[in-house]
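Good morning, and thank you for coming.

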Amino acid sequence: MKKKRMLIKIMAFVVACSLCFSSVMTVAAETVDGAELTMEESAEGEMTIMPRGAYLAGGDCSITNLGNGRIYADGSTSANYTVNYVGVTVYVERLVNGSWTSYYSWGTSATTTSYVSTSKTLKVETGYYYRVRATHTAGMYSPYDSGSSSTDGIWI
């Protein structure tokens, strides 16, 4: 009888320990080309590479799942002050067979300004991960300062 009671206590201890350890362990999210694949409704990206010159202040992009196979994607670029040229190009990419492939892209630019932005709502095929990448450019004369940003992938 004592052996049975001791065995029950040991089993309870083992179960309690395994529950504690399993709640502490986290599962690493899958990443593809630097983009974490998430089930979040939206994702944002900021320019992390230091600008090459003195004009480009920063840039960002984002993607949001609007439901029913629609996404909202945007990008913006900021210069340190008013310059001759500021531009942003936004790339929507879809994960196909483990690689990000181009789905849709567009851009905008302006002169004699310090900021540009652009956005679109797009209808996309569901059942895929999508992400947004953007290239950011600013300067007085070519070649301009440039950088890039990208979001994580979200399931649509």
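**Salt bridges, core and strands**

A search of the whole structure finds 4 salt bridges, a salt bridge being a side-chain nitrogen of Lys or Arg within 4 Å of a carboxyl oxygen of Asp or Glu. Before I go through them, a word on the source. This is a predicted model, in which local features need pLDDT of at least 70 and side-chain atom pairs count only at pLDDT 80 or more, while totals for chains, interfaces and linings use all residues. Residues are numbered from 1 along each chain as its sequence is written, and side-chain values use heavy atoms, with hydrogens and water left out.

Let me start with R131, which forms a salt bridge with E93; the closest N and O atoms are 2.6 Å apart. This pair links distant parts of the chain, with R131 in strand 9 and E93 in strand 6, 38 residues apart. Strands, like helices, are DSSP runs numbered from the N terminus: at least two residues of E for a strand, at least four of H or I for a helix. Both R131 and E93 are buried. Buried here means under 20% relative accessible area, exposed means over 50%, and partly exposed lies in between, with a 1.4 Å probe and protein chains only.

E93 also meets R133 in a salt bridge, at 2.8 Å from N to O. Here again distant parts of the chain are linked, R133 being in strand 9 and E93 in strand 6, 40 residues apart. Why does E93 count as buried? Because its relative accessibility is 8%. R133, by contrast, has a relative accessible area of 27%, so R133 is partly exposed.

A further salt bridge joins E125 and R94, with 3.4 Å between the closest N and O atoms. E125 lies in the loop between strand 8 and strand 9, and R94 in strand 6, 31 residues apart. Salt bridges that share partners join D33, E93, R131 and R133 into one network.

I turn now to the nonpolar core. The term denotes a set of buried Ala, Val, Leu, Ile, Met, Phe, Trp, Tyr and Cys residues joined through side-chain atoms within 4.5 Å. The largest such core has 23 residues, of which I63, I71, V92 and V132 touch the most other members. Two or more residues come from each of strand 4 (56-67), strand 5 (70-83), strand 6 (85-96), strand 8 (113-123) and strand 9 (129-139). Apart from this core lies another, of 6 residues, among them A35, L95, W100 and Y129.

Strand 9 also holds H136. Is H136 buried or exposed? H136 counts as buried because its relative accessibility is 0%. Its side chain has a polar contact of 2.8 Å with the side chain of S149, and reaches the backbone oxygen of S76 at 3.1 Å. A polar contact is a pair of N or O atoms within 3.5 Å; within protein, one must be able to donate a hydrogen and the other to accept it, and residues adjacent in sequence count only if both atoms are side-chain atoms.

Finally, the pairing of strands, which requires at least two DSSP bridges between them. Strand 4 and strand 5 run antiparallel and are joined by 10 bridges; G59 has T77 in strand 5 as its bridge partner. These two strands form a hairpin with 2 residues between them, and N68 in the turn has a positive phi of about 55°. Strand 5 also pairs with strand 8, in the antiparallel sense, over 10 bridges. There, Y72 stands opposite T121 of strand 8.
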